[in-house]
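Biologist: I am new to this structure. Can you show me how to read its features?

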Number of protein chains: 2
Amino acid sequence: MRVGEKGEFGLIADLRRWLDPEAGGMIRGAGDDAAVFEARGGRRFAYTADAMVEGVHFDPAYTPWHALGYKALAVNLSDLAAMGGGGPSYALVVLGLREDIEVEALEEVYRGMRDCGAGFSCAVVGGDIVASPERMFISVSLVGALAGDGFLARDGARPGQAVAVTGTLGDSILGLKELMSGKGNDTHCARRHLYPEPRMREGRAALEAGASAAIDVSDGLLRDLGHICDESGVGARVLVEDIPISAEARRVARDMGLDPVEAAVAGGEDYELVVVADGEVMGRLAATCALSVIGEIVPGEGVELVDRGGRRVTVGGSGYEHFKETGG
Amino acid sequence: MRVGEKGEFGLIADLRRWLDPEAGGMIRGAGDDAAVFEARGGRRFAYTADAMVEGVHFDPAYTPWHALGYKALAVNLSDLAAMGGGGPSYALVVLGLREDIEVEALEEVYRGMRDCGAGFSCAVVGGDIVASPERMFISVSLVGALAGDGFLARDGARPGQAVAVTGTLGDSILGLKELMSGKGNDTHCARRHLYPEPRMREGRAALEAGASAAIDVSDGLLRDLGHICDESGVGARVLVEDIPISAEARRVARDMGLDPVEAAVAGGEDYELVVVADGEVMGRLAATCALSVIGEIVPGEGVELVDRGGRRVTVGGSGYEHFKETGG
């Protein structure tokens with residue numbers, strides 16, 4: 001079977017079988033935002049890697065080079081944030097380069113990475129340059145010390161716990177649509193797409209408060225909360241009216257004839273954190289972090305969107321659609 | 001100026017200025033085989049990344065998938081070896097995939113990585129999969145604990161010290177030429193090209209014996225020893241007759257009408273270690289490792305090849321050429 005037939009999630013399931021989860025010092029292997037290993041002496045590290053490919057993850061036509069560097073590092077820092085990691089971290093950058101890229105553009109890429117790292121005690125310390133004739137790519141790896149033994153895994157969610165999200169959702173995909181339609185890169189939503197903010201402080205606070213699980217929103221809320229459900233063996237119910245959507249996202253969606261709820265639950269690349277915790281823990285956490293409680297963990301499997309009337313909601317291309325009463 | 005005009009070494013010089021060498025915990029930044037950082041508690045780690053791009057670094061027409069995985073990890077382990085690192089290490093793998101690659105091929109790539117890592121306490125613990133429409137790429141990063149505070153840098157060479165190399169040189173480029181000319185992948189030289197052996201034990205032994213500098217041979221002896229000279233502010237003189245060349249490499253070179261000395265000094269990808277040490281240290285090291293002393297560090301700059309008669313030697317496309325008497 002070919003890669004294109006198998007699809008990303010089928011492949012990832014295969015990869016997990018091909019890795020070595022029993023290796024000495026491994027605390028957490030594949031299947032989370034980052035791997036966790038323990039060095040001799042007991043110190044634990046989160047370790048993650050993410051790549052961006054030209055024409056697949058970014059388009060130089062509307063992605064400033066500085067933003068490319070910033071985002072390439074930010075998406076990795078976001079994985080550390082989702083583990084609750086908050087210590088110093090170190091990044092290596094492998095650049096695949098077309099011959100016709102300007103050296104000044106690369107300097108901007110590095111400036112973007114440094115500008116991102118500076119706020120989070122993250123240093124870009126080296127890497128490799130290789131030729132990549134058709135498409136540029138940027139592959140970043142990041143290793144960061146965990147504060148202690150604990151970390152926020154994906155498999156810790158239990159029925160009855162609350163589900164919350166930092167910030168707002170949907171801005172990034174709507175910003176991408178603005179960028180693609182030539183609206184420039186200085187709108188609120190375009191900036192949110194180009195310069196995602198890794199939620200390092202929130203991840204650390206969630207870990208310290210005693211949260212049970214977390215993930216960052218890269219594939220979209222439904223899919224990413226779905227990963228928590230799959231790994232934890234539970235389901236989740238999300239109240240659609242409680243999903244935080246910015247006024248700007250609502251305006252862009254209206255102007256473009258798009259559904260802001262669909263953008264928020266399926267758009268992805270928001271790099272906000274989804275946090276699962278007992279109600280009491282979530283209450284304490286909400287006192288120090290801007291969080292929106294959007295639902296709860298339930299027995300079963302999968303993520304269900306419901307409205308205040310208890311009706312199940314599904315999102316489609318042109319808006320959301322009520323198709324089933326679930327009572328309540 | 002464009003990347004293609006600037007060239008690899010010009011770009012690397014730029015990159016070093018764009019990185020942040022003053023970051024907290026950084027012991028060694030760009031300009032060595034690996035970066036070195038120190039975690040809270042004092043433990044030091046070597047951290048490196050290398051990528052291989054289809055059609056640039058490997059050709060699936062003559063590179064078995066298993067060998068691709070093995071080599072992608074081995075070249076990173078070789079960087080740790082050149083730092084003297086020998087503890088457990090952890091690898092992340094980013095795969096850029098064409099849609100038409102067979103899933104079974106990827107399983108072989110991972111099997112090759114596991115087979116390589118198993119011998120060196122290295123575990124492949126995760127990574128990322130991305131689409132790369134035209135060319136597959138494999139980008140590996142590796143973090144490994146150093147045994148203590150020390151490591152083998154490139155800048156420690158001093159005049160009067162001896163220069164030695166592990167194993168034999170030139171096999172890899174001659175093996176590549178065999179592979180490209182359809183001679184199969186089971187010859188001695190082809191296996192050396194496809195399955196380079198990271199010299200972890202030798203690197204560790206060199207560090208423990210008190211060696212002053214090391215590098216692995218990826219670009220070719222002249223260029224890599226040249227990096228040691230540049231970083232240390234010294235020159236080197238290499239005795240051409242003392243360069244270790246295998247009988248198989250000599251036979252392949254003869255059969256193909258190639259110069260085995262040129263293959264040995266300019267071929268690259270041998271992943272042997274060049275070690276610089278005081279004569280006494282080198283003597284002790286040679287008792288436990290298979291090493292060939294090939295020359296000495298001298299004042300000045302650059303690497304000079306000489307023969308036993310003291311004549312300067314230069315290598316060209318069709319063999320080496322004496323062009324200048326240097327006395328002696």
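Modeller: Start with contact. Two residues are in contact if their C-beta atoms, placed from the backbone, lie within 7 Å. Keep in mind that this is a predicted model.

Biologist: Into which domains is chain A divided?

Modeller: Chain A has domain 1 (3–145) and domain 2 (162–325). Their centres, taken over C-alpha atoms, are 23 Å apart.

Biologist: How many residues of domain 1 of chain A are in contact with domain 2 of chain A?

Modeller: On the domain 1 side, 21 residues touch 21 residues of domain 2 of chain A. By class, that domain 1 side has 12 nonpolar, 6 polar and 3 charged residues.

Biologist: How many residues of chain B are in contact with chain A?

Modeller: The size of an interface is often given as the accessible area lost when the parts come together. Here we count residues in contact. Chain B gives 61, and they meet 62 residues of chain A. Elements of chain B that give two or more residues to this side include α1 (3–18), α3 (103–118) and β6 (137–145).

Biologist: Which element of chain B gives the most to that side?

Modeller: That is β5(B), with 9 residues. By class, the side of chain B that touches chain A has 34 nonpolar, 11 polar and 16 charged residues.

Biologist: How far apart are the end C-alpha atoms of helix α1 of chain A?

Modeller: Compare the span with that of a straight helix. α1 of chain A (residues 3–18) has 16 residues, and a straight helix would reach 22 Å at 1.5 Å a residue. The ends of α1(A) are only 15 Å apart.

Biologist: Where does α1(A) bend?

Modeller: The bend is at A:F9, by about 75°.

Definitions and conventions: Residues are numbered from 1 along each chain as its sequence is written. Chains are lettered from A and ligands numbered from 1 in the order in which they are written. This is a predicted model: local features need pLDDT of at least 70, side-chain atom pairs count only at pLDDT 80 or more; totals for chains, interfaces and linings use all residues. Helices (H or I, at least four residues) and strands (E, at least two) are DSSP runs, numbered from the N terminus. The expected span of a helix is 1.5 Å times one less than its number of residues. The bend at a residue is the angle between axes fitted to the seven residues ending there and the seven starting there. Ala, Val, Leu, Ile, Met, Phe, Trp, Tyr, Cys and Pro count as nonpolar, Asp, Glu, Lys and Arg as charged, and the others, Gly among them, as polar. Domain bounds come from an automatic or database domain assignment.
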